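Hello,

Here is the structure I promised to hand over. Please open it and keep it in view while you read.

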Amino acid sequence: MRGAGHVGRVRRPARRPHRTDRPDRTGPHRAREADPDLIDPAELIAATSVEQLAATAEQYFATLDDVEQLLTKPFKEAGEAAELLVTFGQVLRGLQPATGMTVLDFGAGTCWTSRWLTQLGCRVIASDISPSALELGRHLYERAPVLGERPEPEFLVFDGHRIDLPDASVDRILSYDALHHVPNPDDVIAEFARVLRPGGIAAFSEPGATHSLQPQSQYEMRHFGVLENDVIIEDVWQRAQDRGFTEIRLCLLDSSPQWVDLPTFQDVRAGREDPSVFPEPARAAIGDRRMFTLRRAGTETPDSRIADGLTAALSLDDVTVERAGDGVVVSGTCRAVNTGTRHWLPSDSPHGPVFLAPASFSPTGPSATGSRTPVGGSRFPAEETAGCRLVGRLFFGFGLRWGMFPMLSGSSSTS
Ligand SMILES: C[S@@+](CC[C@H](N)C(=O)[O-])C[C@H]1O[C@@H](n2cnc3c(N)ncnc32)[C@H](O)[C@@H]1O
């Protein structure tokens, strides 16, 4: 009999073994045992030099007969566009780019991702092993110029071994469907670690652990000698750690989600779903693609180029109100405390500057923003700025709000 106070053994649910991408446990290994005619990417790598694979990539881009079609990527076709846009969107989240950052687009091909990163205000270095691909990329920028003042892209041919950039010279690296073509991932990941700044991020969208078995991959390898490798995420992470990356994050994304009727949607939302409707297809979808980020050791100072995490507490003193025509002029001394987690960049910074400004509001929303006043003093979280004199014009029937501009509109004082 159990005595009083006896605490029974805590029963835990049986732990399922980890599913791993390692080939001895996955499809490609078994499939090749069953069908020796299947091409093994490891054998292709052993039989081909980096230079031969580079020549294959160059040959492809140099002899294309429908360049126009390739330049429309990602809008060649609606199904592919949906897939590419969804995955690009998620990789962009992982990449966390900000205006003014230097981004290496590795294996950029014809540069559609480069062009979009340029449009976002990044200084892009588009790199590929094929000079002809980069020439097409240059052509794309000319034919479809980005809008507004943006940093000019650079085009950098990769020799397959060394990325011709100084140490710690880029903030971000994107590899969109490129790493799985690389025969020497150890060298390339070491190069990523070398050129990334401390705390910098490399973001990847690559196929998964059974990519080499796909009929299209077998066809490419057999007829053109293009390497279509499997991405074994555990191996990538091991290599990355060996080279100085300290964090991996993987995206749990079902890039081709199901569309369901309303009752099914309500069931899923309420947790009453049939596993075959949502979790199982989602798990299967994740099996086909690896979207992940690697962060290089070190820290990056978060700043006001990214709005997430920007907050302020504002106080207003010495307020005076003077009648003026059809309204009043309200002035006061505003102080701001950075209550967020990001450093505020100076008000004259080309990217992510922080200002104080008054704005007048009507019952239907903001109507006008007054002149911006540089934030004196603090740039750091938890520090207070020097008092800034703000003058706002208030028309009858409107409210006046003091706010940080353009990123912030924190607590306000309204008259
Ligand atoms: C599937 S394409 C993707 C291109 C581009 N990122 C896109 O999304 O359109 C693969 C690209 O990787 C490039 N590539 C192949 N082998 C490479 C290598 N060893 N190093 C760098 N790039 C390579 C090819 O030239 C090609 O442009």
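Below is what I found in it, from the whole chain down to single residues.

Keep in mind that this is a predicted model.

The fold comes first. The protein chain has 12 helices and 14 strands. It runs to 415 residues, and 32% of them count as buried. Among contacts with a separation of 6 or more, 70% join residues 24 or more positions apart.

Next, the cores. The largest nonpolar core holds 53 residues. Val103, Ile173, Leu174, Phe192 and Ala202 have the most contacts inside it. A second, separate core has 12 residues, including Leu314, Ala336, Trp344 and Val375.

Last, some backbone details. Most residues other than glycine have a negative phi, and most peptide bonds are trans.

- A cis peptide bond joins Lys73 and Pro74, with omega about 10°. Pro74 sits in the loop between helix H4 (67-71) and helix H5 (78-95).
- Ala168 has a positive phi, near 45°. Its place is the loop between strand E3 (154-157) and strand E4 (170-176). Ala168 counts as partly exposed because it has 15 C-beta neighbours inside 10 Å.
- Asp318 has a positive phi of about 50°. This residue belongs to strand E8 (residues 312-324). Asp318 has 10 C-beta neighbours inside 10 Å, so it counts as exposed.

Best wishes

Notes. Residues are numbered from 1 along each chain as its sequence is written. This is a predicted model: local features need pLDDT of at least 70, side-chain atom pairs count only at pLDDT 80 or more; totals for chains, interfaces and linings use all residues. Helices (H or I, at least four residues) and strands (E, at least two) are DSSP runs, numbered from the N terminus. A residue is buried if 20 or more other C-beta atoms lie within 10 Å of its own, exposed if 12 or fewer, and partly exposed in between; C-beta atoms are placed from the backbone. Two residues are in contact if their C-beta atoms, placed from the backbone, lie within 7 Å. A nonpolar core is a set of buried Ala, Val, Leu, Ile, Met, Phe, Trp, Tyr and Cys residues joined through C-beta atoms within 7 Å.
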